[in-house]
Amino acid sequence: MKKSNLSMCFLAGTILLCSQALYAQKFELSPSGYFQNQGVDIMAFDDIYPEGHQGGLSLIMHGNRVATNGDIRLEPTPGQWQPVPKQQGRQLDPATHTITAQLSYPDSSRHLTGFNPMIYPDLTFNYTVSATAQGPSIIVTVDLDRPIPQEFIGKVGFNLELFPGTLFGKPWIMDRQAGIFPRQPNGPTQYEASNHQHTGNFNPEGRASIPQLTGKGYSPIVADDIVATPYATGKSFTVRPDDPYNRFTITSEGTELKLYDGRMNHNNGWFVLRSEVPQGATKQAIKWIITPNVVNDWLYQPVVQTSQLGYHPNQPKVAIIELDQRDTRRPQPILYKITEEGQTAIEFHAAEEWGKFLRYNYLTFDFSHITDPGLYQIHYGSSASPVFRIASDLYDRGAWQPVLEYFLPIQMCHMRINDKYRVWHDSCHTDDARMAPTNFNHIDGYSQGPSTLTKYKPGDPVPGLNIGGWHDAGDFDLRVESQAGETYILSLAYEAFKENYDATSINQTSRITEIHQPDGKADLLQQIENGLLTVVGAYRSLGRLYRGIICNDLRQYVLLGDAASMTDKVSGNADDRWVFTEDNPVRELTTAAQLAAASRVLKGFNDTLSQQSLEAARELYNVTRVTDQARAAKIHAATELFLTTKKAEYKKHLLSETDYIAQNINRTGWYIGRAEKALNNKAFTTAIRDALKDFRLDLEKQGHETPYGIPYRPHIWGAGWDIQAFGYRQYFLHTAYPDIFGADYVYNALNFILGCHPGSNPSSFASGIGAQSATVGYGLNRADWSYIPGGVVSGTALIRPDFPELLEFPYLWQQVEYVMGGGSSHYMFLVLAAKQILSAQ
């Protein structure tokens, strides 16, 4: 062949390859409602939680979310307390490959009111964000309905938050400047006029106090007066130029790009790329071109999900294999046994196709017939599960015990927690608490009505509140539902399993707890006592339940460090925490049920507190008004009071509510089953059993919706806590009605927590438990990127519409937060339940 012909062939081949590459590098609007280009997805205004770094424009590259919250914001580096826009609408136009969202400021429904009130400046405007696919890029434009007023020029801009957890030590390029993302935020800082100089009046009904929210000195709600000086400014910015899987470039037409470090204002901040809206601009006030690098033919690495802890020999054993939907390869999974001589393949057969869930395809690999004790691992192609055990003593050590050995003691309030050389925190909040102000909307869901509902006036010190209780996650508050709820779960655990495990010394008089120093008393009973001391003590002091006890300002609320540093321990001054009350029949009757159960368990251990708990439960049952919403709670209270006292009045109430109980068996069945036989009423039993059979069919239908064999419909927050609570309730249904309910839901819920859950991170949600676990948690030590053993995180969250995510980052409360009133105690209960059921086989 002649050289010219060779050249022509080469040129033709090059053109063909280039055209194929261009075609492959083209973004399309997918049926799922977001832009896709092989392994890169760009989502636009499908998520609803911007204060939790889930909203606006999001970028997922080759299996990892790298940027989010692309939207107009009123500060360079906003945190969870800063104003967010109100989304008015969202449209998809497949013909033009465009997603359009309409938004506005302010959202008056959040101004000085709500679960966490925000302070909106006196600024009103509407805007439209359009994202359009154009070959390998997404063009983002922002149109405003009016120019930004002069006093807010430089304050309003389009932000995109960059996830810091995978960027530390990694490079960036801005025009001709280059840098490395630092591990810690570095100065200098710069002063800017604050939006709080121009507070709006959008909600006259708002009851939050601006002086209380802003405080003195640094305030998390004033995030725009002192900010980090940008690391760089320019027109073109590239993230991770060194890494083809995470490299993307943003070019701004007209407005400058600025790279900020949001951690300068907020410890939980992200890096922020920002363009300010220019003076007088409306049409295309912002125009960005986002071009991610797309690795051709990339496929999501299969994830082999098993329990990170392992399996009892009698336990069902099913590995879940998570695959890219485009992955047609089907190698055989291989089960290896690991001995001192290495690995030996002992089982291999084709995995069973399960189908699609969220964005992935799933296979299942059943190896339930393998019962020999030992170490095992499953391989699937180049992927592998963690090494896990099969052993009859699997749950005897280091499985549920860390909850009692570490987590519950460390969370104890009003105590010093010693752990040999280490002090987790000193004795704290011994100046609790003063009566909260009336007609007041506080933070974190606390609100006081027109009356304190007690003999105490706002600001009065209330005695008897500085003992007992546990800090709720890293927030240090004591909510009645978390305190009574935790006490209840522990009480039912002791009643069901009679575990007298003792690894801790707890002295309520000296206010000292010593971890791993037994004192001859069952730790479960001591923790039940700790919960009752706060709930019953407060009830006797106030004459009613508290809503909760919480710090009185935002600076205290965001404390990272020793809880003892929050207040000066001198009662009656300005730094004391506040106690809130409320008129809430559902909570009051639910607490009555919980106190009734705790009273019978604590009898013989602390008889005085047991009797006081029962008296409070009976009083609450008798005096609380019953609304339609509280009807099930009244039945719950009657059930526990009947089990504790056997009195006819509670039996009579339960029998009178037969129809309601049966009609709402999905809510009532798990607790009524423990009383049904003792009621000894044939008609009642028949009605309950018939309803439970229908309920079981509904559960089976829901369980088949996921490859994990449990009802799982993720919303925003990690669903781990809900699934644990589901498994906990299933134990009572199984033990009361074994002919109707099997134990599989108990095992499946436990396996979900221990590693069989969606997403690329198969860690156990139980910190320090299993081969790989969540060792960066949202607890009191989150600033240290550390964890609390036995704490159970909220777990894999859903990035809407279909991306499951569990990041290793300590400040994402919706993924890695610890909590009281469930969480760890439900996990502990599930392990003990599985141990009991399996040991009986």
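1. Class make-up of the largest cavity's lining: eight nonpolar residues, one polar and no charged ones. Here Ala, Val, Leu, Ile, Met, Phe, Trp, Tyr, Cys and Pro count as nonpolar, Asp, Glu, Lys and Arg as charged, and the others, Gly among them, as polar. Bear in mind that this is a predicted model, where local features need pLDDT of at least 70 and side-chain atom pairs pLDDT 80 or more, while totals for chains, interfaces and linings use all residues. Numbering runs from 1 along each chain as its sequence is written, and side-chain values use heavy atoms, with hydrogens and water left out.

2. The residues around that cavity are Ile 42, Leu 57, Ser 58, Leu 59, Ala 67, Leu 160, Phe 248, Ile 250 and Ile 290. A cavity is a set of points on a 1 Å grid over the protein atoms alone where a 1.4 Å probe fits but cannot get out, and lining residues have an atom within 4 Å of a point. Strand 4 (57-61) and strand 17 (248-252) each give at least two lining residues, with strand 4 taking the largest share at three. Strands are DSSP runs of E, at least two residues, and helices of H or I, at least four, numbered from the N terminus.

3. On size, the largest cavity holds about 50 Å³, and there are six cavities of 30 Å³ or more. Volume means the space filled by probe spheres set on the points, which are joined across faces, edges and corners.

4. Now the second largest pocket (an open set with protein on both sides within 12 Å along at least five of seven lines): about 700 Å³. Helix 15 contributes the most to its lining, five residues.
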